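This report looks at the helices, aromatic contacts and charged side chains of one structure. Please keep the sequence and the coordinates in view while reading.

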Amino acid sequence: MNVSNKSAHAAGETFERPISQRSGSSIALILLVSGLAGALLYFARGAFIPVALAVLFALLLSSPVEALHRKGFPRSVSALLILAIFLGLVGGTVNLLWEPAQEWLAAAPRTSVIIQRKLGPVARVMHRIDVVTSRAGHLTDSGAGAAPAPPKAAAAPSDSDGLLAQTSIALVAAMTVVILTLFLLAAGPPVLARMSAAFASDTYASHLLRVIEAVRGEVGRYYATIALINLGLGAATCAAMMALGMPNPLLWGVLAGVLNFIPYLGSATTLIVLAVVALVSFDGVGRVLAVTGTYLALAAIQGQVVQPLFVGQRLKLSPIIVFLALWFGGWFWGIPGIALAIPSLVALKVAAEHSEHGAPVVAFLSPITGKRLRLRGTGPISRSADKAV
C-alpha cells in the first residue's frame, strides 16, 4: 500500500512539473512575441500608421456603407459615395477655417509681443528667481577656469529638402489611407469571413465574424453619438465666444468640437488656447475669466450631463486607463497614436463583452464604481470596503 502511494505521489509530481513548466514557457513566449510585435510596430510606424488609420476610418464609416448596401446599392458604390462625402466634409471644414487660421499665424509675432507685455510682471519675477538660483550655483563652483572657446557655427542645412521630403511622405501616407479605406469599405464583412475561415475552423470563424460585427456596430454608433455631441459643443462654444466678443468665434467653436474627441487633453488644450486668445484680445481680466469660465461650464455640462445621458455607462472607460492610453499612444506613434488610443480601447471593450472569457478585460477597462466594489467577494476585506463605499 505504501509502495503504491509512493508511486502515485511520484507520478503526480512528474505530471504536475511539466504542466507548470509548460505554463511558464507559454507566458515567456507570449511576453517575447508581444515585445517583438511592439518593437516592430514602433520602428516600422511609418508603414503601420496609415494602415491603422485606414482600419479606424473603415470601422467608423462601415455602418452607413452597410445601410446603403441593404437598400440595394452595390457595396463598392456605397463605399465610394460615403468616403467622398466624408472627404468633402473634411475638405470643406479645412477650407472654411483656412483664412482665420492664416490670419492668426500671420499675427503670431504681434501676439507674442502682446503676451510678453501683459505677462511682464510675472516674467520679471521669474527672471529674478533665475538670477538668484544661478548666483547660488556659482558659489559652489570650485574655481574659475578658462572659459571654453565658443564652438564654430556650422553651416545651417537648407530646410527646403527636408520640407519637400516630409511633404511627399505625408502625401503618400494620406493616399494610402484613402485607398486602403476604400478597399476595406468595399470589401465588407464577407471578405473578413473568408479571411478568418482560411486560418480557423468554421465555428471559430463565425464567432470571430460576430465579434467583428459587434465591434463595427457598437463603435460606429458610439462615435456617431460622440460626433453629434461634439458638434453641439462646438456650436455652443461658437455662440458663447461670439456673445463675449472673441475674434473668429467659428474657429474656436470648430477647435473645441474637434479636440473634444480626445478626452481630457482636448478640453484642456482648448481651454489654454481660449485663455491665450482672450488675454491677447482683451485688456480687462474680467473678460478673460468670463471666456475661460464659460468654456469650462460648457465642457462640464457636456462631460457630466449630456454624454452620460446619450452614451450611457456601458462603453465608459476608466479615466486612468484613458490617460495612460493617450500617454503611451502619443509616445509610441505621436499624434496618430493619440487619435487611435480611444477607439482601440472602445473596440477592445466591445470585443471583450462579446467574448466568453472577456469579463476580466471589461472589468479592467471600466471605471471603478461603488456597485462594482460591492460585487467583489464576501470576505472581511470586501465587507469593510462595502462599508467604506
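The model is predicted, so local features need pLDDT of at least 70 and side-chain atom pairs pLDDT 80 or more, whereas totals for chains, interfaces and linings use all residues. Residues are numbered from 1 along each chain as its sequence is written, and side-chain values use heavy atoms, with hydrogens and water left out.

Helices are DSSP runs (H or I, at least four residues) numbered from the N terminus. Helix α2 covers residues 45-70, and its 26 residues should span 38 Å at 1.5 Å a residue, which agrees with the 36 Å between its end C-alpha atoms; the expected span is 1.5 Å times one less than the number of residues. Among the buried residues of α2 are L61, V65 and E66, where buried means under 20% relative accessible area, exposed over 50% and partly exposed in between (1.4 Å probe, protein chains only). Just after α2, G72 takes a positive phi of about 110°.

The structure holds one salt bridge, defined as a side-chain nitrogen of Lys or Arg within 4 Å of a carboxyl oxygen of Asp or Glu. The side chains that meet in it are those of R75 and E66, at 3.2 Å from N to O. R75 counts as buried at 15% relative accessibility, and E66 is buried at 9%.

**Aromatic contacts**

Seven aromatic pairs are found in the whole structure; rings of Phe, Tyr and Trp (its six-membered ring) pair if their centres lie within 6.5 Å, with planes under 30 degrees apart stacked, over 60 edge-to-face and the rest tilted. Two of the pairs involve Y42.

| Pair | Centre to centre | Angle of planes | Class |
|---|---|---|---|
| Y42 and F43 | 5.1 Å | 85° | edge-to-face |
| Y42 and F332 | 5.6 Å | 50° | tilted |

Y42 is partly exposed at 25%, F332 is partly exposed at 22%, and F43 is exposed at 68%. Y42, F43, W331, F332 and W333 form one aromatic cluster.

R45 lies over the face of Y42, 4.6 Å from the ring centre, where a charge sits over a ring if NZ of Lys or CZ of Arg is within 6 Å of the ring centre and within 35 degrees of the ring normal. The charged end of R287 likewise sits over the ring of F282, 4.0 Å from its centre.

Technical notes. Helix = DSSP H or I, 4+ residues; strand = E, 2+ residues; numbered from the N terminus.
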